[in-house]
Amino acid sequence: MISTRALNRATLARQLLLERSDLGAVEAVEHLVGLQAQTPHTWYVGLWSRLRDLTPSAVSDALESRELVRIALMRSTIHLVSAADCVRLRPLLAGMLTSATNAIFGIRLAGIDRGELLAAGRSLLEEQAMTFGELGKALAMKWPDYDPLALAQTVRGDTPLVQVTPRGLWGRSGKAAHTTASRWLGDLEVSELTLAGMVRRYLGALGPASVKDVQTWSGLTRLSEVVEGMDLVTFTDENGRELFDLPDAPRPDEDTPAPVRFLYDFDNLLLSHADRSRVVTPRVKEQNFDPHGPIPRLVLVDGVTAGAWTTEIGKERAVLRVRPFDPWPVAARDEAEAEGARLLAFLAGDVEDQRVETG
């Protein structure tokens, strides 16, 4: 038996949220098996909360040098991964990515020569990086009877495409343009990764976990045989679910202190398990966040979701506001204000007037 609190501490330790790590940005991203990163910049907070003395330029430089890339991978969403993981992970997820695209757009392309479409899309994107809107218009010149969006998204589903810089660079912006991973990275030689190897890495970053958890994180199905064929230890959680883990993975005592941490809107800690109760409390759902509004950014207190945070950053004044879901102990409030001040300094840079407000 493993308690929910013990699961919490094990996952926080592996997510580098119990204690900040001295790893470099690229090494940390590889340890975490990527960060969900469909927004241009919010994921920088995810690394800041996990790494000691992180500077925005360290991450931005790794993107610009192509050591890090942003590409659709797990769950068919854009993730920040190392160049090596881009090459290793994409083939394992190819079938899922194609199926997900076909489920939405396949019916709109009945009768088209798919091989010809994919070749045309690859050729266009290797000649010049394009947004999907631009790609769709270019493809529609050859296939005018088909939906441009469906044409572009089918190329995305079948072809490894990276989002090119300056999109994602700190303090800069650019259109969401894509080119092929092979064009962006060249002939990068990396060690092969099997499905079992991918599961091991997931457990190293987010375990212990059930088969359903791994499938929720990856978007893949039918992983039971893969997991059951591996040399893993097993636990039963408080709800009777079977969980798997690496024999030598860290599992701190459930009473290990957990510091206050600020999460970003699409933090993998919140999205990578079918059962998220190890971190996400019922109080989150009770907040009735606007489903059409911004994704909430949550605060961890004692390892679980206990509040939300927002920022307003201008040229002369920057404010970080923390809203607890329930009253916090004085020590937690003080810790949140100190951590929030450090985060605001990271986000706001040289803005002179910086303040943290706790509601």
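Helix H11 is followed by Gly-219, whose phi is positive, near 90 degrees. Helices (H or I, at least four residues) and strands (E, at least two) are DSSP runs, numbered from the N terminus. The model is predicted: local features need pLDDT of at least 70, side-chain atom pairs count only at pLDDT 80 or more, and totals for chains, interfaces and linings use all residues. Residues are numbered from 1 along each chain as its sequence is written, and side-chain values use heavy atoms, with hydrogens and water left out.

H11 spans residues 211–218, and its buried residues are Val-211, Asp-213, Val-214, Trp-217 and Ser-218. These fall within an arc of 160 degrees seen down the axis of H11, so they line one face of the helix. The arc is that of the directions from the helix axis to the C-beta atoms. Buried means under 20% relative accessible area, exposed over 50%, partly exposed in between (1.4 Å probe, protein chains only). The buried residues of H11 pack against helices H5 (83–105), H10 (195–206) and H12 (224–228), and against strand E7 (242–245). Contact means heavy atoms within 4.5 Å.

An open sheet of five strands has the order E8-E9-E10-E11-E12, with mixed pairing. Strands E8 (261–262) and E12 (353–358) stand at the edges, each with a single partner strand, so one side of each is left without a neighbour in the sheet. Two strands pair if DSSP finds at least two bridges between them. E9 (residues 297–301) and E10 (residues 304–313) pair in the antiparallel sense over five bridges. Val-304 in E10 is the bridge partner of Val-301.

The whole structure holds two cavities of 30 Å³ or more. A cavity is a set of points, on a 1 Å grid over the protein atoms alone, where a 1.4 Å probe fits but cannot get out; lining residues have an atom within 4 Å of a point. The largest cavity has a volume of about 80 Å³. Grid points are joined across faces, edges and corners, and a volume is the space filled by probe spheres set on the points. Strand E2 (68–72) and H5 each supply at least two residues of the lining of the largest cavity. E2 gives the largest share, three residues.

Leu-161 is among the residues that line the largest cavity. Leu-161 lies in strand E4 (residues 161–163). Leu-161 is buried, with a relative accessible area of 5%. Beyond its neighbours within four places in sequence, its contacts include Arg-70, Ile-71, Ala-72, Phe-132 and His-178.

Key
On a 1 Å grid over the protein atoms alone, a cavity is a set of points where a 1.4 Å probe fits but cannot get out, and a pocket is an open set with protein on both sides within 12 Å along at least five of seven lines; lining residues have an atom within 4 Å of a point.
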